[in-house]
Protein chains: 2
Amino acid sequence: MTRALTLTPLPAIPEVRPGDDLAALVQRGLDAAGLTLRDHDILVLAQKVVSKAEGRFARLEDVTPSERARELARRTHKDPRLVELILRESREVLRAVPGVLIVEHRLGFVCANAGIDRSNVPPQAEPGQWVLLLPVDPDASAARLRAALEAASGARLGVLIIDSHGRAWRLGTVGMTIGLSGLPALVDLRGRADRHGYVLRVTQVAVADELAAAASLMMGQAAEGTPIVHVRGFPYPLAEGRLADLLRPRERDLFR
Amino acid sequence: MTRALTLTPLPAIPEVRPGDDLAALVQRGLDAAGLTLRDHDILVLAQKVVSKAEGRFARLEDVTPSERARELARRTHKDPRLVELILRESREVLRAVPGVLIVEHRLGFVCANAGIDRSNVPPQAEPGQWVLLLPVDPDASAARLRAALEAASGARLGVLIIDSHGRAWRLGTVGMTIGLSGLPALVDLRGRADRHGYVLRVTQVAVADELAAAASLMMGQAAEGTPIVHVRGFPYPLAEGRLADLLRPRERDLFR
């Protein structure tokens with residue numbers, strides 16, 4: 001039996017504005033793609049659309065940088081007001097060198113610039129330089145969207161919110177989970193026997209991150225990209241995963 | 001226009017033995033799945049099948065550990081003979097603590113245990129404890145398989161060889177590129193304008209790693225898994241990528 005995984009980027013997603021109904025946007029994209037939701041389908045959303053719908057904009061002109069922000073801005077050659085916002089969104093600074101500011105985000109993952117985005121932020125009614133912060137609680141954002149889509153469709157669904165992260169050791173960004181609802185984050189294969197009867201010792205697979213990467217591939221990154229991808233054929237049972245499942249405890253992390 | 005990405009795990013792949021013809025194995029799986037190769041299709045193979053076909057087995061009984069291997073074995077609680085093989089396959093040890101040995105592999109990427117695998121290694125004709133090393137040159141392995149499949153099919157193809165790696169900061173393994181031929185490793189979106197006219201400053205996307213993660217999701221990890229996945233709908237032009245494209249230069253790596 002061959003079951004395929006199919007990822008369909010949803011067309012016709014307009015620019016998202018604060019207060020927009022994400023479930024309605026998803027439905028519009030599904031309609032344009034000719035898709036009807038079924039049990040076990042997953043919707044993957046780029047962080048940007050969720051953050052924009054939640055109004056997570058900040059205006060640099062409104063930010064007064066602290067002394068610590070000014071000092072880090074000098075070290076990293078970044079705008080001190082942007083660095084102030086990054087610090088407010090972070091628990092800890094891991095690295096600060098020219099052009100690079102790597103932090104532990106308040107949500108617990110490690111990323112550059114606390115995920116704050118200056119590109120693709122639309123001009124607001126008020127003039128100024130705007131940036132976009134990550135959603136306040138992406139697991140909760142995913143759960144709300146899932147509930148709305150499940151109520152409308154009657155199907156059991158998963159929702160995954162992703163962002164593009166750089167990595168240690170390797171070049172290039174990959175899509176990474178920042179929030180989820182209704183699908184597993186990790187699948188634990190420890191203790192299962194392989195086909196020669198050996199017991200696999202450590203095989204916890206980050207299936208949500210694998211799906212995040214897959215969906216990111218189909219989103220593109222610039223003008224022609226689409227921020228919502230429909231997934232059919234996820235090969236594991238749906239379950240209640242959380243972002244926290246994917247976060248390596250600090251005391252077990254050898255690369256801080 | 002909606003173009004979907006479809007990943008189909010190929011059924012009917014038997015246990016692979018040294019000297020097996022990988023192109024014939026792939027063809028057998030494609031036939032079983034009812035697929036015919038077309039231009040722009042990509043085949044993704046788990047490292048294990050490539051290594052087995054190339055006969056990359058080693059027997060622990062044949063290995064004499066060096067003093068350095070014995071010392072690292074004490075620190076990591078690992079078999080000194082296994083540690084000796086890991087050192088022979090590595091350029092540098094990054095971390096060694098109980099249960100964990102992280103190295104820079106001679107191929108240039110950072111991974112645990114130099115990618116040497118003790119699970120799912122079949123019993124050989126000779127008794128003993130066998131392990132499986134990574135292919136000697138996975139880019140070359142991918143190029144050879146691609147040439148054979150292109151010659152047989154007449155289609156322009158990509159071949160990607162992947163392994164499961166742990167990550168800094170996050171739990172769980174994800175599929176990662178260890179060799180490729182005929183598809184890009186990185187796609188450089190730097191300098192393109194987003195839809196508001198901002199110029200994206202740094203957006204190099206590790207598309208091969210995103211595809212590696214996607215395919216890994218469909219391979220599973222244990223008895224029921226399949227090691228070869230067919231991909232249709234890769235959203236970028238095919239190009240000549242190399243593993244080296246994905247490796248962050250040591251001097252630009254802040255997390256060593």
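This is a predicted model: local features need pLDDT of at least 70, side-chain atom pairs count only at pLDDT 80 or more; totals for chains, interfaces and linings use all residues.

Visitor: Which strands are called the edge strands of the 10-stranded sheet, and why?
Guide: The order is β9(A)-β8(A)-β2(A)-β12(A)-β1(A)-β1(B)-β12(B)-β2(B)-β8(B)-β9(B), and the sheet is open with mixed pairing. The strands β9 (174–181) of chain A and β9 (174–181) of chain B each pair on one side only, so they are the edge strands. From one strand to the next, the twist averages 25°.

Visitor: How do you know that β2 and β8 of chain A are paired?
Guide: Pairing needs at least two bridges. Five bridges join β2 (residues 42–46) to β8 (residues 158–165) in chain A, therefore they count as paired, and they run parallel. Within this pair, A:Leu43 stands opposite A:Val159.

Visitor: Which helices lie across strands of chain A in this sheet?
Guide: Helix α1 (residues 22–33) of chain A lies across β1, β2 and β12 of chain A, at about 65° to β12(A). Helix α5 (residues 138–153) of chain A lies across β2, β8 and β9 of chain A, at about 65° to β9(A).

Visitor: What makes β2 of chain B a mostly covered strand?
Guide: A residue is buried if 20 or more other C-beta atoms lie within 10 Å of its own. In β2 (residues 42–46) of chain B, five of the five residues are buried. B:Ile42, B:Val44 and B:Ala46 point one way, B:Leu43 and B:Leu45 the other.

Visitor: Which strands does β2(B) pair with?
Guide: Five bridges join β2(B) to β8 of chain B, and these run parallel. In β8(B), B:Ile162 is the bridge partner of B:Ala46. Four bridges join β2(B) to β12 of chain B, and these run antiparallel. There, B:His230 is the bridge partner of B:Leu43.

Visitor: Why do β4 and β6 of chain B stand at the edges of their sheet?
Guide: The open sheet has the order β4-β5-β6 in chain B, with antiparallel pairing. β4 (90–97) and β6 (110–112) each have a single partner strand, so one side of each is left without a neighbour in the sheet. On average, neighbouring strands here are turned by 25° against each other, direction ignored. Helix α3 (residues 67–76) of chain B packs on this sheet, touching β4 and β5 of chain B.

Visitor: Which residues have the most contacts inside the largest nonpolar core?
Guide: That core has 150 residues, and those with the most contacts inside it include A:Leu160, B:Val44 and B:Leu160. Among the residues that A:Leu160 touches are A:Ile42, A:Val44 and A:Leu211. In soluble globular proteins, nonpolar side chains tend to be buried together.

Note on methods. Residues are numbered from 1 along each chain as its sequence is written. Chains are lettered from A and ligands numbered from 1 in the order in which they are written. Helices (H or I, at least four residues) and strands (E, at least two) are DSSP runs, numbered from the N terminus. Axes are lines fitted to C-alpha atoms, for helices over the stretch in contact, and angles run from 0 to 180 degrees between N-to-C directions. Two residues are in contact if their C-beta atoms, placed from the backbone, lie within 7 Å. A nonpolar core is a set of buried Ala, Val, Leu, Ile, Met, Phe, Trp, Tyr and Cys residues joined through C-beta atoms within 7 Å. A residue is buried if 20 or more other C-beta atoms lie within 10 Å of its own, exposed if 12 or fewer, and partly exposed in between; C-beta atoms are placed from the backbone. Lists of a residue's contacts leave out its neighbours within four places in sequence.
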